[in-house]
Amino acid sequence: MGIDIKIPIGLMFTILGLLITVYGFITRLDASLYNVSLGINVNLWSGLGMLIFGVVMLALAFVSWKSKT
Amino acid sequence: MNSGFVLSWIDYSVMIIYFAFVLGIGWALKRYMKDANAFLEAGRSMPAWVAGLAFISTNLGALEVMGMTGSGLKYGMLTTHFYWVGAIPAMVFLAMFMMPFYYGSKARSVPEYLKLRYDEKTRGLNAILFAVMTILASGISMYALAILMEKVLGWNFHLSLILSAAIVLVYTYLGGLSSAIYNEVLQFFIIVVGLLPIVLLSLKDVGGWHGLQQSLAPIVSAKGFAPDAWTTTWKYTGSAKANPLGVEWYGIFAGLGFVLSFGYWCTNFLIVQRAMSAKSTTAARNTPLIGAIPKMFIPFLIIVPGIVALVLMNSPEKHFSLPLNEAGQPIYDYTIIMLLKQYLPAGVLGLGITALLASFMSGMAGNVSAFNTVWTYDIYQSYIRPTTKDKAIDDKHYLFVGRMATIFGVLVSIAAAYLASMFGNIMDFLQTIFSMVNAPLFAVIFLGMFWKRGTGHAAFTGLLAGFFVALLHHGLTFPEGANTLVKGGWIAHLHAYPVEMAQNFWTAIFACSASTLITVVLSLLTTQKKSDAELKGLVYSLTPKLNEESVPWYKRSSTLAIIVLTLVTILTILFW
């Protein structure tokens with residue numbers, strides 16, 4: 001139906017991934033923030049994970065768009 | 001209630017970005033909504049993977065997530081019965097044996113299938129019951145969402161209710177079923193991303209799976225169960241008293257694995273509608289199978305953290321406790337929220353909260369989009385304004401009616417939300433209603449698809465009788481320690497079940513059996529008015545077998561079904 005769902009998914013996770021990764025990077029020295037997460041910088045890891053997922057989705061959307069045209 | 005969260009700008013940013021995309025998808029789909037078919041059936045154009053993810057996502061509402069994490073705490077790994085034995089076999093059955101009839105008959109809804117297979121009154125009864133139940137369900141999840149936002153975010157209850165209803169209204173009004181489905185897919189991914197950190201962190205905190213088993217042993221033994229009762233599934237189901245669920249293996253097998261799960265997955269239009277939106281018969285059959293693969297791994301995402309919570313609750317140094325209700329009992333449904341608070345720093349916390357909000361809203365959107373289809377096609381088009389000769393005018397008119405039904409559905413949901421605030425345990429109430437209505441429906445649809453002799457009068461009576469037997473059973477039995485009549489026993493106290501779950505299972509078993517028996521007996525006593533030609537495509541024995549030879553072997557439903565069943569068997573053995 002009209003739009004390829006991979007595009008909004010890819011865009012959203014790329015944006016969220018960038019935001020969370022950057023936030024994780026800025027706050028990497030803030031031990032009190034990561035006290036709850038057992039000292040692990042979960043923002044950095046989740047952010048990177050989302051970024052990769054978002055980019056893969058966009059790449060897949062690009063591939064299926066290419067094969068259609 | 002001490003569950004207040006302090007959210008920072010980063011958490012609110014995540015939330016705003018997510019909802020911007022949700023509304024954006026609705027807006028982008030608006031220009032494709034040219035007729036009722038596009039709006040109410042997504043134009044039957046969805047790829048199998050999109051429909052498949054939407055298929056399980058519809059069921060992965062926030063009530064499910066919150067309820068199942070709470071059940072993980074209460075019943076341990078036995079909660080996986082709701083997934084492995086209680087969903088996967090039914091999903092495979094739907095795909096392999098029922099989807100060809102739902103999809104191939106060109107029915108636009110489950111009630112319409114009943115009309116084609118049986119008669120008008122059977123459709124009418126089902127359509128009206130479904131419409132009422134769906135809106136009730138939508139209202140209940142709205143209520144739970146508003147309560148959550150009030151407790152967690154400190155937002156005003158009424159404002160939260162109106163705001164979330166407004167978001168749902170906008171995107172379903174604009175993009176109809178497509179919009180609901182696309183947002184369910186988006187929600188699926190945000191739930192995984194939002195909850196995965198909880199799973200990993202909580203398991204790490206207790207020393208992995210083995211650490212969890214060891215920490216659980218003394219806690220569980222103190223409750224009077226075997227030390228590994230919380231980390232096994234079938235091992236202690238020999239007797240109802242030995243496992244926390246309070247049900248024996250045959251109760252689980254028949255009640256959950258057969259009646260409840262087949263009743264839910266194979267006949268609930270909310271679910272089946274996702275598969276009906278697929279672009280081809282093969283895609284429609286593959287929809288539940290593709291959905292089954294993530295479905296069987298969802299327990300690790302939402303049940304395992306609940307089990308960890310039991311350890312946390314019993315370790316004073318972790319400072320973990322559940323909020324208490326007025327009676328001083330812990331609110332198990334809040335387990336997942338307290339875990340979010342326990343482990344997530346600002347940033348990922350926003351993701352977790354967004355995931356919950358998203359699943360609430362897509363649950364509502366799913367209900368509303370199923371409601372407007374049934375209303376428009378099965379009630380309005382059948383009884384109020386039938387189709388005319390002018391197709392162009394009809395298309396426009398029914399699109400308009402579909403849109404109005406969306407607004408109406410959301411408004412009634414809001415009313416239902418206020419109604420729901422009068423009831424205590426929402427999940428139990430829903431389950432009670434569903435087991436009463438869905439179990440007889442499964443019996444009738446199953447007989448319809450596989451027995452050509454089944455007649456309209458018999459089906460109609462069977463549906464009603466099943467429902468009354470369910471009511472009767474619920475009225476005559478009660479779970480031990482029940483203090484309200486909503487839980488049963490409002491006629492007499494004939495039998496006491498150890499837990500409410502057991503009572504629900506047996507209600508469903510009785511309802512389904514009664515319905516089957518009455519439909520069969522009455523079918524034999526009445527004459528079949530439909531000719532074999534009319535039943536072609538609706539009944540198994542009168543429909544040509546589906547030929548999958550043109551489809552490459554790895555895309556065939558049978559291949560997928562074997563993979564799904566093998567995987568679920570492996571999981572069952574691993575966690576026996």
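Is B:Asn367 to be counted as buried or exposed, and at what relative accessibility? In this predicted model, B:Asn367 counts as buried, because its relative accessibility is 8% and residues under 20% relative accessible area are classed in that way. The residue is found in helix α15 of chain B, which runs over residues 348-384. When its neighbours within four places in sequence are left aside, B:Asn367 is in contact with B:Thr134, B:Ala137, B:Ser138 and B:Leu270.

Not counting residues up to four places away in sequence, B:Ser160 touches B:Ala146, B:Met149 and B:Trp155. B:Phe189 is likewise found in helix α8 of chain B, and B:Phe189 is buried, its relative accessible area being 14%. With residues up to four places away in sequence again left out, B:Phe189 touches A:Ile9, A:Phe13, A:Phe53 and A:Met57 of chain A, as well as B:Leu53 of chain B.

In chain A, helix α2 spans residues 42-68 and has 27 residues, with 39 Å from its first C-alpha to its last, close to the 39 Å expected at 1.5 Å a residue. Its buried residues are A:Val42, A:Asn43, A:Ser46, A:Gly47, A:Met50, A:Leu51, A:Gly54, A:Met57 and A:Ala61. What covers these buried residues includes α1 of chain A, residues 6-26, and also α8 and α15 of chain B. The loop between α1 and α2 of chain A holds A:Leu38, a residue that is not a glycine and yet has a positive phi of about 60 degrees. A:Leu38 is partly exposed, with a relative accessible area of 32%.

A positive phi also occurs in chain B, where B:Lys106, not a glycine either, has a value of about 65 degrees. B:Lys106 is found in the loop between α5, residues 88-104, and α6, residues 110-117, and at 61% relative accessibility B:Lys106 counts as exposed. Helix α4 of chain B, residues 62-75, is followed by B:Gly76, whose phi is positive and near 65 degrees. This helix is mostly covered, as 13 of its 14 residues are buried. The end C-alpha atoms of α4(B) are 19 Å apart, which agrees with the 20 Å that its 14 residues should span at 1.5 Å a residue.

Two packed helices are described by the angle between their axes and the distance between the axes. Helix α12 of chain B, residues 281-302, packs against helix α13 of chain B, residues 304-313, at an angle of about 25 degrees, with the axes 4 Å apart. Because angles under 35 degrees count as roughly parallel, α12(B) is roughly parallel to α13(B). On the side of α12(B) the contact is made by B:Pro299, B:Phe300, B:Leu301 and B:Ile302, and on the side of α13(B) by B:Val304, B:Pro305 and B:Gly306. The residues of this contact divide into six nonpolar, one polar and no charged.

Helix α20 of chain B, residues 557-574, contains B:Ile563, which is partly exposed, with a relative accessible area of 40%. The C-alpha atoms of B:Ile563 and B:Ile293 are separated by 8.9 Å, while the two residues are 270 residues apart along the chain.

Key
Residues numbered from 1 in each chain as written. Chains lettered and ligands numbered in written order. Predicted model: local features only at pLDDT ≥ 70, side-chain atom pairs only at ≥ 80, totals over all residues. Heavy atoms only, no water. Axes fitted to C-alpha atoms, helices over the stretch in contact; angles between N-to-C directions. Helix = DSSP H or I, 4+ residues; strand = E, 2+ residues; numbered from the N terminus. Parallel < 35°, antiparallel > 145°, perpendicular 65-115°, else oblique. Contact = heavy atoms within 4.5 Å. Nonpolar A, V, L, I, M, F, W, Y, C, P; charged D, E, K, R; others polar. Buried < 20%, exposed > 50% of the residue type's maximum accessible area, 1.4 Å probe, protein only. Expected span 1.5 Å × (residues − 1).
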